[in-house]
Amino acid sequence: MIQQGLYQVIIGIALFGLRIAALFNAKLKEWLDERKLTLQKIAEKLDRNKPTIWMHCSSLGEFEQGRPVFEKLKKAYPNHQFLLTFFSPSGYAIRRNYPEADLVCYLPFDNKRLVLPYLDALNIELAIFVKYDIWPILLLEMKKRNIPAILISAQFRPGQIYFQPWGSFMRKSISTFRHIFVQQNESQSLLRSIAIVNVTCVGDTRIDRVLEIVAELKPIPAIEHFLQGKKAFIAGSTWSPDEALIFDILDKLQELDMPLIIVPHDISEGHLADIETKVGCPIIRYSKMNGSIPNAPTILLVDSIGTLAAMYQYAALTYIGGGFGRGIHNTLEPAAFGRPIIFGPNHHKFPEALGFMSAGGGFEIRNSEDLQHILDTLSDESKRNQLGSANLQFLYRHQGASDHIVTFIQHML
C-alpha cells in the first residue's frame, strides 16, 4: 500500500508539472486538452450497452505491432465495438481516423480520479495491452471489476522493476493479466521466476504486420521517378550520428550508382536544413517532388511520416538508424522486402536484429570504415539478394503470433 500511495503521489506531481509546462508549450497543451475529451468522445461514439474490445498502444510502433490482432478480432466479432487508445501523440495524430476502430482516443492518466469514470463509461469485454505500456492503477481497478486483460508482444529484461526486491507494486499490476504473450523464451523464464505462469511464447506480432504490408504493396510513382529504374540505399529512421556516417560514404554510393534516400526520425525544419547543408551532392525533399526533378539529385530527403515501410521495396541495401543512441528502429520492414540490413551497435535489446545477424543478412557497424567495408562486400547484386532472402526466410519461420493470440481470445470470450 505504501508503494501504491507513493506511485499516486508521483503521478499527481507529474500531472501538475505537465499542466504548468503546457502554459508555455502549445503542443503539450493540445495533448492535454485532447485527453480531456476522452469521456465525451466515448459517450458520443460508443454504446454503453454493447460489448467493447479495447486495445491500448503506447505509440505508433506498438499500434503496428498490435494491428494484426486488432483487425483479425474485428472480423471475428462484427457485433462488438472496437476501441483503440494511445498514450503518445505521435501514434494518435497519425491513426486518429483509423477506420477499423469505432473510436480512437487517448488513455486517461493513471490516476483513480480519471481512471474510474473511464471504466464506468465502457462495457469492456476484453482489454489488450501491447508490449510494455502497463499502468498499475488502471489494471488493478480492472481486476476489481473482473475485466479480463491480456498483454501481447511483451518483452522483459532482468533490470526492470518487476524483478527487483522493491518492485512488489508493479509485480502485482502485471499479475492482473489473464495471460501474457511474450516474444522470447527469456521473458517467459523471467516471469516464471516471480510466479507468473500464465505466459506463452508466440513471438512478435510485428512480423505478421510487415508481411501484410508487402502483400498490400502499391508502387510509389514519385520514388520511381526519382530512381529512374535504379535501386537505392535507404537509410530509415536516422539520427544525427547515423547521418554523419552516411555522409562519409556518399562517394562510394555514387561509385555503385546507388541513389541515397534518407528518412530521418526527426523531420523538424532545423534538422532537415542541417542535412541539406552537410551533404555535398544535389538533394531534393520528397515534399517538393512535383513533376520534373531539377539538378539531377542523387539524394532524396523524405520529410514526411508514414511512407518508409513501402519505400523499402525500392532498396538495394538498407540502414536502420538509432543504433548509436537509445536503440535501433524497425528492422522487420526492410527484411519483409528481402533486403540486407545494416545498423549500429545498440541492437542487443532487439531479438530480431540478432536473428538477422545469425541468418547472415544483418550487419552491425561501429564506424564509417565498417560501413565502407559492408558496401564493398555487398556491391554484387546477387550477393545482396542472397542475404536479403535469408532475412525474409527468418520472418517466414517466425510468423503466426497474431493467429495464436486470436485463437486464445476466441476460446476465452
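Before I go on, note that the model is predicted.

Where does His80 sit? His80 lies in the loop that runs between helix 4, residues 60-76, and strand 2, residues 81-86. Its relative accessibility is 15%, and the cut-off for buried is under 20%, so His80 counts as buried.

Next, Asp242, which is in helix 12. Buried or exposed? With 1% relative accessibility, Asp242 counts as buried. Setting aside neighbours within four places in sequence, Asp242 contacts Tyr319, Gly321, Gly322, Gly323 and Phe324. For Gly323, the separation from Asp242 is 81 residues in sequence and 7.9 Å in space, C-alpha to C-alpha. With Tyr319 there is a side-chain polar contact to Asp242 of 2.6 Å.

Staying with helix 12, I turn to its packing. Helix 12, residues 240-248, packs with helix 14, residues 269-278, at an angle of about 20 degrees, and the axes are 11 Å apart. Angles under 35 degrees count as roughly parallel, so helix 12 and helix 14 are roughly parallel to each other. The crossing of helix 12 past helix 14 is right-handed.

Which residues make the contact? Helix 12 contributes Ser240, Glu243 and Phe247, and helix 14 contributes His271, Ile275 and Lys278. By type, the residues of this contact are two nonpolar, two polar and two charged.

Terms used:
Residues numbered from 1 in each chain as written. Predicted model: local features only at pLDDT ≥ 70, side-chain atom pairs only at ≥ 80, totals over all residues. Heavy atoms only, no water. Axes fitted to C-alpha atoms, helices over the stretch in contact; angles between N-to-C directions. Helix = DSSP H or I, 4+ residues; strand = E, 2+ residues; numbered from the N terminus. Parallel < 35°, antiparallel > 145°, perpendicular 65-115°, else oblique. Left-handed = near helix turned anticlockwise from the far one by under 90°. Contact = heavy atoms within 4.5 Å. Nonpolar A, V, L, I, M, F, W, Y, C, P; charged D, E, K, R; others polar. Buried < 20%, exposed > 50% of the residue type's maximum accessible area, 1.4 Å probe, protein only. Polar contact = N/O pair within 3.5 Å; in protein donor to acceptor, adjacent residues only side chain to side chain.
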